[in-house]
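Here are my notes on how the pieces of this chain pack together. Please read them with the model open.

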Amino acid sequence: MATSCDQLKKMQGHPCFGGNHHKNGRMHLAVAPRCNIKCGYCSRKHDCANESRPGVTSRLLTPDEAIVKVREVMASPVVGPIIKVIGIAGPGDPLANEETFETFRLVGEEFPHLIKCMSTNGLLLPESIDRLHDLGLHSLTVTLNALDPAVGSRIYGHILYHGTVYRGAEGARILIENQLEGIRRAAGLGMTVKVNTVLIPGINDGQVSDIGRTVKALGAFVMNIMPLIPQAELAHVVPPTPEELDVVRRANEAAIGQFKHCRQCRADAVGLIGAELTVGESACALPPAP
């Protein structure tokens, strides 16, 4: 497992893992449309240039289109110098899309100095981690919202795992087990691991402390507790206030470091966190979840 010193050295320049997010930027490549779980708070049906939330993109890219866009951005005298990270965060789950691996391969061949980063729900992480390691993935974010399958069943409608749909607590159990095993293996391979947890009042707020302690023991470096964006099946849930969110984060600081400047970025975000480039392309229809 990587030492704390190694992790700190690797994180220099990464705006989402402790690097200077006022000066260092990232570029998300929206090459992963397919998803293998149904989150109760996820909706990919809408897109607006001023809308910033996970799962949103104005245009899907093929790997070949993605590397062209990276070239264009890196050639810009204004934006190019600030981009330190190439990330894949959707709009579906990156590991459910072979395009993710091809895109990372192309980026690594042409821009080996850029940090490769990925966000995933973790369902396919244990079986994919060696491929990601071989591709030089540096940073990994896993969204883990529950440890108890009964709680998870209130968040996830279903999972699609190796061709079979699992619902309720059974699906949540498979997902949680794979998330934890994937985090453990990723940390063991020296990746810097961040865990995202969506705070859903009345559903998983009693699990957050346990999640923090558990993932820290598995090797995660930092935790990002994010407020629920009410939509889809959880549109009726009142999200936590900024003050409530701050209380939860402070309560978990002793267990694991807290990431506090997250803006719940789009799948096609480019630039500094909170100061993205304007998206000027029309919305692209996304394939429905299974």
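1. Start with the residues that join helices α2 and α3. From α2, the contact takes in P63, D64, A66, I67 and R71. On the α3 side they meet E99, E102, T103, L106, V107 and E110. By class, this contact has five nonpolar, one polar and five charged residues. Bear in mind that the model is predicted.

2. Now the geometry of that pair. Two packed helices are described by the angle between their axes and the distance between the axes. Helix α2 covers residues 63-75, and helix α3 covers residues 98-110. They pack at an angle of about 35 degrees. Their axes lie 9 Å apart. The crossing of α2 and α3 is right-handed.

3. Next, the sheet. Three strands form an open sheet in the order β2-β6-β7. The pairing is antiparallel. Which strands stand at the edges? They are β2 and β7. Each has a single partner strand, so one side of each is left without a neighbour in the sheet. From one strand to the next, the twist averages 20 degrees.

4. Look at the β2 and β6 pairing in detail. Strand β2 spans residues 37-39 and strand β6 residues 156-161. Three bridges link these two strands in the antiparallel sense.

5. Then β6 and β7. Strand β7 runs over residues 164-167 and is joined to β6 by four bridges, again antiparallel. L160 has V165 in β7 as its bridge partner. Y161 stands opposite T164 in β7. The two strands make a hairpin with two residues between them. In this hairpin, H162 takes a positive phi near 55 degrees.

6. A helix covers this sheet. α6 packs on the sheet and touches β2, β6 and β7. The direction of α6 makes about 65 degrees with that of β6.

7. α6 also has a helix partner. Helix α6 (residues 168-188) and helix α7 (residues 208-218) have axes that come within 8 Å. The axes cross at roughly 40 degrees, which means that α6 is oblique to α7. What does α6 bring to the contact with α7? L180, I183, R184 and A187 come from α6. They meet T214, V215 and L218 in α7. The residues of this contact divide into five nonpolar, one polar and one charged.

8. To sum up α6: this helix packs on the sheet and meets α7 through residues including L180 and I183.

Notes. Residues are numbered from 1 along each chain as its sequence is written. This is a predicted model: local features need pLDDT of at least 70, side-chain atom pairs count only at pLDDT 80 or more; totals for chains, interfaces and linings use all residues. Side-chain values use heavy atoms; hydrogens and water are left out. Axes are lines fitted to C-alpha atoms, for helices over the stretch in contact, and angles run from 0 to 180 degrees between N-to-C directions. A crossing is left-handed if the near helix is turned anticlockwise from the far one by less than a right angle, and right-handed if clockwise. Contact means heavy atoms within 4.5 Å. Ala, Val, Leu, Ile, Met, Phe, Trp, Tyr, Cys and Pro count as nonpolar, Asp, Glu, Lys and Arg as charged, and the others, Gly among them, as polar. Two strands pair if DSSP finds at least two bridges between them. Angles under 35 degrees count as roughly parallel, over 145 as roughly antiparallel, 65 to 115 as roughly perpendicular and the rest as oblique.
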